[in-house]
Amino acid sequence: MMFKNIPNFPGDPILGLAEQFKKDPREGKVNLSVGLYHDEEGIVPQLESIRRARDMYFENETKASTYLPMGGYLPYRKEVEKLLFGEDAQSVKEGNIATIQSLGGSGALSIGGMFLKKFYPESKVYVSNPTWGNHISIFEAAGFKVEKYPYYDAATHGVDFNKMLEFIRQLTPKSIVLLHPCCHNPTGADLTEAQWDALIPVLKDHDLIPFLDIAYMGMGNGFEEDTYAIRAMEKSGLYFVVSHSFSKIFSLYGERIGALCVVCEDQEAAVAVESQLCGTVRKVYSNPPSFGAHLVHNVLSSPELKALWIEEVNGMRKRIKDMRQALADELKLQGQQPEEYEFYLKQKGMFSFTGFSKEQAVALREEEAIYIIENGRMCIAGLTSGNVKKVADAFAKIELAGENA
C-alpha cells in the first residue's frame, strides 16, 4: 500500500467554522469567526478604488499576462515600501530594503521563515501568547521550534507589557520575535507608542530579530499611527523583517497579494537578501500572480485613487469602532458591569478577545447560532446594527449560564 494509511488533515479551526456556518440552516445566524470585513449590509464589499483600478488595468493592458520575476512586480514593491516605511525613510531612499511580492501575508511569513531558517538555523521563534494560530504552523513548517512570550492579560483584557519586556530581555541573541504592529490578532490589544519606544532598544541591544506581521494597517488608529512600530524601528537603526497583507484593507482576499520586506544594513546587503528571497520563491512557487499587484499599484501610484482608498479604509475603521460602541451599549443595557464590556472599546481592529471559554463558544454556536472561534476570538467586523442586539443578548445569556453553573 502507498497512500492507504495516510490520515485526514484535522482541518483549520477558523476555516472549518466558516464551512460549518455555511451549512447551518438556521435563520438569523451570525458569523463572527473568520477574519473578513463586512459592511453594514453584511456583505464583503468591493472597494470603489479597486473597481476603478481594475477598469484602468483592462483599458491599458493589451498584451498576454506573462510571468512576473521571482520577486514580483517591481513598481508594486516600491509602492509597498513607501506605504509601510514612509517616502522619506532613509532606508527607502538608500535602497536598504529587500522587498518581494508574496502570496498574501501567509506567503510572506512562510518565505521569511524559510529564509531565516537557512541563515539562522539555531534560532528559535517566539510568538505572543496568544497569537494567530497559523503563525505557529508556518514557522514550525519552516523548521523552527516555536515558543511563546507573555502578552495578553485576561484580567485587564490588555497587554501585560512588563512581563513581556522582562521575558524578551532574557532571550538569546538572534532569537526571532514575532510582533504585531497594530490590531493584534486575536486579542485586539496593542502596545502603545510609549511601549514600542521601550521595547525597541531592548530588541536592538539584545541583538534580536524582530519579525513584524501587519495585516490591518489603517483599521486600528489610522495609517500613520498603525505603522508607528515599523517606522520607529527603521529610524532606530534596527534590522528587521516585515510581512504585509492587502487582503483586508483592499478587500482583495482572493487575489493573495502581500509583501515581505527585510530592512538591511546597506544596499549591498539588501541586494544579497533579495536574491536569497527570490531563490526561495523559485523553489516554492517560482513567481507570484500579477493581477492583484497591478491593482494595488494602480491605486497607490495614483494620488486620486490613493486618496479614495484611504477614505474607504477610514470608513471601515469608523464602522468597526461604531460596532464596538454598539455592542458595549447593548451589554450595558443588559445590566453588565463596565469591566465586562468597556474593553471592547479599548481593543483595536477587526478582532476582540471575549474571554469566553471553549465551552461557552460552543454553546453560543449550538444554542444561539452565533459563531466565534473556540479560543474566544470574535470578529467585530461581522457585527451590524441589525444583529448586534441578538449578539449582546446571547453573550449575556451565556455569561449568566456560566455564573450559575
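Residues are numbered from 1 along each chain as its sequence is written. In this predicted model local features need pLDDT of at least 70 and side-chain atom pairs count only at pLDDT 80 or more, while totals for chains, interfaces and linings use all residues, and side-chain values use heavy atoms, with hydrogens and water left out.

Helices (H or I, at least four residues) and strands (E, at least two) are DSSP runs numbered from the N terminus, and two strands pair if DSSP finds at least two bridges between them. Seven strands make up an open sheet of mixed pairing, in the order β2-β10-β9-β8-β7-β3-β4. Because β2 (97-103) and β4 (146-150) stand at the edges with a single partner strand each, one side of each is left without a neighbour in the sheet. On average, neighbouring strands of this sheet are turned by 25° against each other, direction ignored; axes here are lines fitted to C-alpha atoms, for helices over the stretch in contact, and angles run from 0 to 180 degrees between N-to-C directions.

Six of the seven residues of β2 are buried, so the strand is largely enclosed by the rest of the structure; buried means under 20% relative accessible area, exposed over 50%, and partly exposed in between, with a 1.4 Å probe and protein chains only. Helix α12 (residues 267-284) lies across β2 and β10 (257-263), running at about 20° to β2.

Further along the sheet, β7 is joined to strand β3 (residues 125-129) by two bridges, the two running parallel, and Y126 stands opposite V177 in β7. β7 also pairs with β8 in the parallel sense, over four bridges, where L178 stands opposite F211. In a regular strand the side chains alternate between the two faces of the sheet. In β7, I176 and L178 point one way and V177 and L179 the other, and all are buried. Strand β8 (residues 209-214) pairs in parallel with β9 over four bridges, and the bridge partner of D213 in β9 is S243.

Helix α10 lies across β7 (176-179), β8 and β9, at about 150° to β8. G237 lies in the loop between α10 (228-236) and β9 (241-245), and counts as partly exposed because its relative accessibility is 32%.

Another pair of helices packs together: α2 (residues 48-60) and α14 (residues 303-333) meet at an angle of about 150° with their axes 8 Å apart. They are therefore roughly antiparallel, a term used for angles over 145 degrees, whereas those under 35 count as roughly parallel, 65 to 115 as roughly perpendicular and the rest as oblique. Their contact (heavy atoms within 4.5 Å) is made by E48, S49, R52, A53 and M56 of α2 and E304, L305, L308, W309 and E312 of α14.

The last stop is Q347, in the loop between α15 (343-346) and β11 (351-353). Q347 is buried, with a relative accessible area of 3%. Leaving aside neighbours within four places in sequence, Q347 is in contact with residues including Y152, H157, T187 and R324.
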